[in-house]
Amino acid sequence: MVKVLIAGGAGYIGSTVASACLDAGITPVILDSLVRGRREFTEGRTFYEGDIADGALVDRIFSEHPDISAVVHCAALIVVPESVADPIGYYEANVAKSLAFVSHLHRNGCDRIIFSSSASIYRAEDGSPVDEDSPLAPQSPYARTKAVCEEMFADIAVAGPRVLSLRYFNPVGADPQLRTGLQLKRPSHALGVLIQAHEEGRPFPVTGTDYPTRDGSGIRDYVHVWDLAAAHIAAIERFDSILVGSKRSIAINLGTGSGTTVRELCAAFNDVVSTPLVTIDTDRRPGDVAGSYTKSDRAAELLGWTPKLSLEDGIRSALDWMPVRDELLKDVVL
């Protein structure tokens, strides 16, 4: 049986990947510091509480699980405004600790790393689609930590572990079985803010209506988190056929391939809920850009992966998850 170490496996993405692993007959081993992850998401799963930079702990994990065949590295801080306020903390957590982690993995003979990267590293000023060769221009310390890690891992892969970087676009939704989901009560992403506005009965602000998009509002590529998890399963299964011979690292976009504007997101939300959401047009926020979506066929070609779930599916599962989250995670206040 295949066994995979998931760093950050008690967080939103990592715990969903762990669920998908279990469903696919892959045994997940979870490593998480619980700084942002939730112990509840590790129930019934092999779990080690600790830091990815703790070499002694990583050594113990591989000693006790010598059959670990790959590592999914989801451990990171991911809140953009927080990264602006605390860039030192973000570079330490996301870059310095990732460097220490890959050193520990290399020492233990690990040759397969699947890295959770981000589409936020792309230049996304005009709303046009991007592929893996599009220009990079990360706009926040968080995004720059992902770009730095990709470059660092590519250098390391020449003489160390091979690295497959999966560049996520905008994850939405929850595990369809509602085992795990987004743990925050007040997430800062667009769907989270939209749900809050609907719950509180206030208008949702469409921030910026003069972008070069089909309706003037910003555009993003919203991909269901369960589809993202399925892409990780494909990456685990196809790793050796993707990175073979002299090819030691590669990046793959994970998105739907069709952008959704803010107005379209609101319309999709209203198709799901019984009480329509009211919107108001407002000015752009400082630093906002039009956004982007993926046009890459690389995921289909290399992973055999295409998204199966719709934006409405993601919105519906996010709404279904909320009462489960409140019951399961009683002390969540963020």
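Me: Is T180 buried or exposed?
Reply: This is a predicted model. In it, T180 has a relative accessible area of 1%. Buried means under 20%, so T180 is buried.

Me: Where in the chain is T180 found?
Reply: T180 sits in the loop between strand 8 (170-172) and helix 6.

Me: Which residues is T180 in contact with, leaving aside its neighbours within four places in sequence?
Reply: The list is S15, T16, S19, F41, R45, A174, D175 and W321. Take S19 from that list. T180 and S19 are 161 residues apart in sequence. In space, their C-alpha atoms are 8.1 Å apart.

Me: How do I read the packing of two helices?
Reply: Two packed helices are described by the angle between their axes and by the distance between the axes. Now the case here. Helix 6 (residues 190-200) and helix 10 (residues 311-328) pack at about 60°. Their axes are 11 Å apart.

Me: Why are helix 6 and helix 10 described as oblique to each other?
Reply: Start from the angle of about 60°. Angles under 35 degrees count as roughly parallel, and 65 to 115 as roughly perpendicular. The angle falls between those ranges, so helix 6 and helix 10 are oblique to each other. Helix 6 passes helix 10 in a right-handed crossing.

Me: Which residues make the contact of helix 6 with helix 10?
Reply: Helix 6 brings L191, I195 and E199. Helix 10 brings I315, A318, L319 and M322. By class, the contact has 6 nonpolar, no polar and 1 charged residues.

Me: At what angle do helix 2 and helix 4 pack?
Reply: Helix 2 (residues 55-64) and helix 4 (residues 87-107) pack at an angle of about 35°. Their axes are 10 Å apart. The crossing of helix 2 past helix 4 is right-handed. Helix 2 makes the contact with G55, V58, D59 and F62. Helix 4 makes it with F101, H104, L105 and R107. By class, there are 4 nonpolar, 2 polar and 2 charged residues in this contact.

Me: What about charged side chains? How many salt bridges does a search of the whole structure find?
Reply: Side chains of opposite charge can pair when their charged atoms come close. The search finds 22 salt bridges. One of them joins K97 and D51, at 2.7 Å from N to O. This pair links distant parts of the chain. K97 is in helix 4, and D51 is in the loop between strand 3 (46-49) and helix 2. They are 46 residues apart. K97 counts as partly exposed, at 24% relative accessibility. D51 is partly exposed too, with a relative accessible area of 24%.

Me: Where do E64 and R60 lie?
Reply: Both are in helix 2, 4 residues apart, which is about one turn of the helix. E64 forms a salt bridge with R60, and the closest N and O atoms are 3.4 Å apart. E64 is partly exposed at 43% relative accessibility. R60 is partly exposed at 41%.

Me: Are E150 and R167 buried or exposed?
Reply: Both are buried. E150 forms a salt bridge with R167, with the closest N and O atoms 2.7 Å apart. E150 is in helix 5 (residues 141-157), and R167 is in strand 7 (residues 162-168). The two are 17 residues apart.

Me: Which residues are linked in a network of salt bridges?
Reply: D111, R112, R162, D240 and R248 form such a network.

Technical notes. Residues numbered from 1 in each chain as written. Predicted model: local features only at pLDDT ≥ 70, side-chain atom pairs only at ≥ 80, totals over all residues. Heavy atoms only, no water. Axes fitted to C-alpha atoms, helices over the stretch in contact; angles between N-to-C directions. Left-handed = near helix turned anticlockwise from the far one by under 90°. Contact = heavy atoms within 4.5 Å. Nonpolar A, V, L, I, M, F, W, Y, C, P; charged D, E, K, R; others polar. Parallel < 35°, antiparallel > 145°, perpendicular 65-115°, else oblique. Salt bridge = Lys/Arg side-chain N within 4 Å of Asp/Glu carboxyl O. Buried < 20%, exposed > 50% of the residue type's maximum accessible area, 1.4 Å probe, protein only.
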